[in-house]
Structure formats: structure tokens, C-alpha cells
Amino acid sequence: MRIVRVDHTSFTVNDIEESNAFFAKLGFEPEKRYISAGPDAVEGVGVPGADIDISWLKHPDGGPMIELLRYRNEEGGKAALNSQVGAAHLCLCVEDVEAEYERLSAEGVTFVSAPHSDEFGVRWVYMRDPDGNVVELLSDPA
């Protein structure tokens with residue numbers, strides 16, 4: 001297999017407007033939005049009765065897009081804890097983790113903790129989107 005690029009990351013969410021607003025704080029902008037339903041959607045995603053509100057977000061600096069899915073005929077829930085099988089997270093490399101932590105904290109974003117450093121000098125911090133999905137901010141060592 002020859003991989004051309006990582007195209008997108010997808011999160012299933014409870015409230016697509018709230019999730020769009022969260023990712024807007026990270027600089028993502030709306031790209032397209034539509035409903036996917038009917039036999040093709042049901043077969044494609046393997047969910048009986050699938051009726052999905054889909055919002056695509058892009059960042060003006062490029063990189064993979066974000067796809068937000070709201071299954072309109074399903075009860076919502078919360079994301080799995082990091083320790084649970086199937087849990088995943090999105091990691092965004094930023095210039096200054098501390099500055100983004102301060103800015104986003106002031107905007108009401110929920111962080112798991114203050115920023116940390118690993119043994120290689122990488123600075124990182126986890127935050128949670130409105131559904132508990134983890135988004136990590138990371139800064140490379142100087």
C-alpha cells in the first residue's frame with residue numbers, strides 16, 4: 001500500500017454545533033456539511049437506520065481535516081477513557097503549548113492537567129472536547 005496522506009480524523013459527537021464551536025477555538029473552519037442517510041449510508045457504516053449529520057472542518061494552515069458525525073437517530077454518550085480499548089485522540093503540534101493552554105483555558109476549554117514535558121523535551125497537554133474526546137497539544141523541543 002502506498003499512502004498518499006492522512007486525510008482526516010473523525011469524531012462522533014452529541015451536539016454538532018457545540019463541537020464545531022470547540023474546534024473553531026483551535027482554528028478550524030467549516031468546509032462542508034450534509035446529511036447522509038438511506039441504504040448506502042446504512043451499508044457503508046454498518047449501523048442500522050443510519051441518519052448522520054456530517055460536518056467537515058479544515059484548518060487554514062492545512063493538514064488533515066476533521067469530520068464530525070452526529071447520528072441523529074441514536075442516543076449520545078461520552079467518549080471512552082484513554083485507558084479503554086478503542087479510545088483515540090487527535091494531536092496537534094503547536095508553537096507554544098503553554099500559550100495555547102492559557103488562551104484556551106481562558107475560553108473555557110477543559111484540560112486534563114497543566115502542560116507536561118517528557119524525557120525528550122517535548123511539551124504536551126490533553127484537553128477534552130464537549131463529548132470527552134481527547135485532543136492533545138504538543139510542542140517540539142527547542
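Reader: What share of the contacts in the protein chain with a separation of 6 or more comes from residues 24 or more positions apart, and what makes two residues a contact?
Author: Contact means that heavy atoms lie within 4.5 Å of each other, and among the contacts in the protein chain with a separation of 6 or more, residues 24 or more positions apart account for 54%. This is a predicted model, in which local features need pLDDT of at least 70 and side-chain atom pairs count only at pLDDT 80 or more, while totals for chains, interfaces and linings use all residues. Residues are numbered from 1 along each chain as its sequence is written, and side-chain values use heavy atoms, with hydrogens and water left out.

Reader: How do you know what counts as a helix or a strand in the protein chain?
Author: Both are DSSP runs, numbered from the N terminus: a helix is H or I over at least four residues, and a strand is E over at least two. By that rule the protein chain has three helices and nine strands, and from the N terminus on these elements run β-α-β-α-β-β-β-α-β-β-β-β.

Reader: Why are β1 and β2 said to stand at the edges of the sheet?
Author: The open sheet of four strands has the order β1-β4-β3-β2, with mixed pairing. β1 (8–12) and β2 (29–37) each have a single partner strand, so one side of each is left without a neighbour in the sheet. From one strand to the next, the twist averages 20 degrees, where axes are lines fitted to C-alpha atoms (for helices over the stretch in contact) and angles run from 0 to 180 degrees between N-to-C directions.

Reader: How do you know that β1 and β4 pair, and in which sense?
Author: Two strands pair if DSSP finds at least two bridges between them, and β1 and strand β4 (residues 65–71) have five bridges, in the parallel sense. Thr9 stands opposite Ile66 in β4, and Ile66 is also the bridge partner of Leu57. The pairing of β3 with β4 is antiparallel, with six bridges, and that of β2 with β3 is antiparallel with eight. β3 and β4 form a hairpin with six residues between them, and Gly62 in its turn has a positive phi of about 95 degrees.

Reader: What makes strand β3 mostly covered?
Author: Buried means under 20% relative accessible area, exposed means over 50%, and partly exposed lies in between, all with a 1.4 Å probe and protein chains only. In strand β3 (residues 51–58), seven of the eight residues are buried, whereas buried residues make up 34% of the 142 residues in the protein chain.

Reader: Why is Asp118 called partly exposed?
Author: Asp118 has a relative accessible area of 31%, so the term partly exposed applies. Its place is in the loop between β7 (116–117) and β8.

Reader: What makes a set of residues a nonpolar core, and which members of the largest one touch the most other members?
Author: A nonpolar core is a set of buried Ala, Val, Leu, Ile, Met, Phe, Trp, Tyr and Cys residues joined through side-chain atoms within 4.5 Å. The largest has 21 residues, of which Phe23, Leu26, Leu68 and Met127 touch the most other members. Among the elements that each supply at least two residues of this core are α1 (16–25), β4 and β8 (123–128). Leu26 touches His59, Leu92, Leu104, Met127 and Val135, not counting residues up to four places away in sequence. A second, separate core of eight residues includes Val47, Ala50, Ile54 and Met65.

Reader: Why is the pair of Phe11 and Phe23 called stacked?
Author: Rings of Phe, Tyr and Trp (its six-membered ring) pair if their centres lie within 6.5 Å, and planes under 30 degrees apart count as stacked, over 60 as edge-to-face and the rest as tilted. The ring centres of Phe11 and Phe23 are 6.0 Å apart and their planes stand at 20 degrees, so the pair is stacked. Phe11 lies in strand β1 and Phe23 in helix α1, so the pair ties together parts that are 12 residues apart in sequence. Phe22 and Phe23 form an edge-to-face pair, with 4.9 Å centre to centre and 85 degrees between the planes.

Reader: How do you know that Lys32 lies over the face of Trp56?
Author: A charge sits over a ring if NZ of Lys or CZ of Arg is within 6 Å of the ring centre and within 35 degrees of the ring normal. Lys32 lies over the face of Trp56, at 5.4 Å from the ring centre.
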